[in-house]
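Take a look at the model below. This report goes through its salt bridges and its nonpolar cores.

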Amino acid sequence: MKEPVGTTGLIFNEPLLWERGAKGRSGFSLPPRDVASSHVADDLRGDGPDFPDLSELDVVRHFTRLSQWNFGVDSGMYPLGSCTMKYNPKTNERQAGLPGLAVSHPLLPQELSQGALKMMFDLQHYLAEITGLPAVTLQPAAGSQGELTGMMVINAYLQSKGEKRSKVLIPDTAHGTNPASATLCGLKSVAVKSNEQGILSTEKIAELMDEDTAGLMVTNPNTLGLFEEDIQKVTEIVHAKGGLVYGDGANMNAIMGIVDIQKLGVDVLHLNLHKTFSTPHGGGGPGSGPICVTEALEPFLPVPRVIEKDGKYLLSEDFPQSVGKLHAFYGNFGILVRAYSYILTMGADLHKASQYAVLNANYIKESLKDVYHLAYDRPCMHECVFNDKLQAAHKVTTLDIAKRLMEYGFHPPTIYFPLVVQGAIMVEPTETESKETIDAFIDTMRTIAQEARENPEQFHEAPQTTKVKRLDETAAARNPCLTG
Ligand SMILES: *Cc1c(COP(=O)(O)O)cnc(C)c1O
């Protein structure tokens, strides 16, 4: 094995800011006051909040040290399946920080916001081009909110036809947000079992689809990293019964610029701009989950919508069939700027990102399948799913493998998801990792497999070299210790 990435740099302990500093210490100095002090100011000030008194250096060290406890895409490989933790080029941050964009206020008159509105209008157009679905709203603040919006649009469409349907089909590989969004829209989820190949079978869909079913929510490629090969037949069956197809586009990183989503028979698709279109994410947001829809569904999109009229860009509420407003103002604008910047930077090469992402995942799958059991041994898209079957004899579990990986300087993959694979280890390398880094990951995974055979006991204590060692996962979630 090659030299490990190294994980034993200096890690400083760091107290809370309240435990740092000293009374009267300050991070700035003001010139002496040249007017008399006013009792009004003193009365208003009172005792003030209990903020610590700190010097500039106290503050700088505090936050620098905290940042060193963190692991991010900027510090190492982060192969978290379904989350597309690709490297986010710094130029996107730079564009989002441009004063004209960063300090533009959503309440500014539209005449003074032409640049921002044009950018949003153009971004809608690019996303329509990339997906093949012609109408777009940028409002939803996350993929899950995109799902909610999309299901509301589907309900509104069916209602406009005088229909009210009560169920929706959702494959057993779906992300948990799919049934959650359906439930919020008053639809009952009907689980669809995937077949032995890990994909949907047309027979199963034909058996379950009926006139009380609003449609199907499908992720393609699905969360096993497999392309739904019969998708066109599946969507035809749904349409034939008057249903619509919701596409969960969280896995767009495998197919952007390559697959025309409308041709698959998808009526609504959400994109996770923060995953596929390069915005740093994790820790709960902010995100952006635009939805792209067919012409037939356009009238139902949320308002306001960004439109162009006589060479001017406007926000229009003039869509009487709209499902209404889903977010304050027009969505998470800063994320839209980053996606716009990313798309312009990639230009006509956008599809290459997907090609490399798929190549990298297949390389990892082929390089590790003799030491980790593959749930479905067939070509994958941008991620591949192993499990801990081969390690079970040594009583080493997926959790142990994930914890051990941290000691070698890699963020663990997604584990125990998708639920249909027991002990799943879901690896998504993304296109931005170099061959050397991917080889180092493969070497490390192979070393861990060997350790599991030869020295399994140590696994239950891993990780030891990190700031926080092995946690009781349940207690850590229920009683979080926030002081480090
Ligand atoms: C991430 C993800 C979602 C939800 O998106 P958020 O932006 O986290 O709300 C939905 N489906 C799949 C497959 C995902 O990976």
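## A salt bridge within a helix

This is a predicted model. In it, lysine 118 and aspartate 122 form a salt bridge, with their closest N and O atoms 2.7 Å apart. Both residues sit in helix 5, which covers residues 114–131. They are 4 residues apart there, so about one helical turn separates them.

Are the two partners buried or exposed? Lysine 118 is partly exposed, at 36% relative accessibility. Aspartate 122 is buried, because its relative accessible area of 14% is under the 20% cut-off.

## Other salt bridges

The structure has 24 salt bridges. One of them joins glutamate 14 to arginine 20, with the closest N and O atoms 2.6 Å apart. Glutamate 14 is buried, at 6% relative accessibility. Arginine 20 is buried too, at 17%. A network of salt bridges links Glu14, Arg20, Arg25, Asp58 and Arg65.

Aspartate 349 and lysine 352 also meet in a salt bridge, at 3.3 Å from N to O. Aspartate 349 is partly exposed, at 37%. Lysine 352 is partly exposed as well, at 36%.

## The nonpolar cores

The largest nonpolar core holds 50 residues. Leu123, Leu127, Ile261, Leu273 and Phe277 have the most contacts inside it. Domain 1 (92–348) and domain 2 (350–467) both contribute residues, so this core lies between them. A second, separate core has 26 residues, including Met77, Ile364, Leu405 and Ile448.

Which residues does leucine 273 touch? Leaving out residues up to four places away in sequence, its contacts include Leu123, Leu127, Pro290, Ile335 and Leu336.

Methods:
Residues are numbered from 1 along each chain as its sequence is written. This is a predicted model: local features need pLDDT of at least 70, side-chain atom pairs count only at pLDDT 80 or more; totals for chains, interfaces and linings use all residues. Side-chain values use heavy atoms; hydrogens and water are left out. A nonpolar core is a set of buried Ala, Val, Leu, Ile, Met, Phe, Trp, Tyr and Cys residues joined through side-chain atoms within 4.5 Å. Buried means under 20% relative accessible area, exposed over 50%, partly exposed in between (1.4 Å probe, protein chains only). Domain bounds come from an automatic or database domain assignment. Contact means heavy atoms within 4.5 Å. A salt bridge is a side-chain nitrogen of Lys or Arg within 4 Å of a carboxyl oxygen of Asp or Glu. Helices (H or I, at least four residues) and strands (E, at least two) are DSSP runs, numbered from the N terminus.
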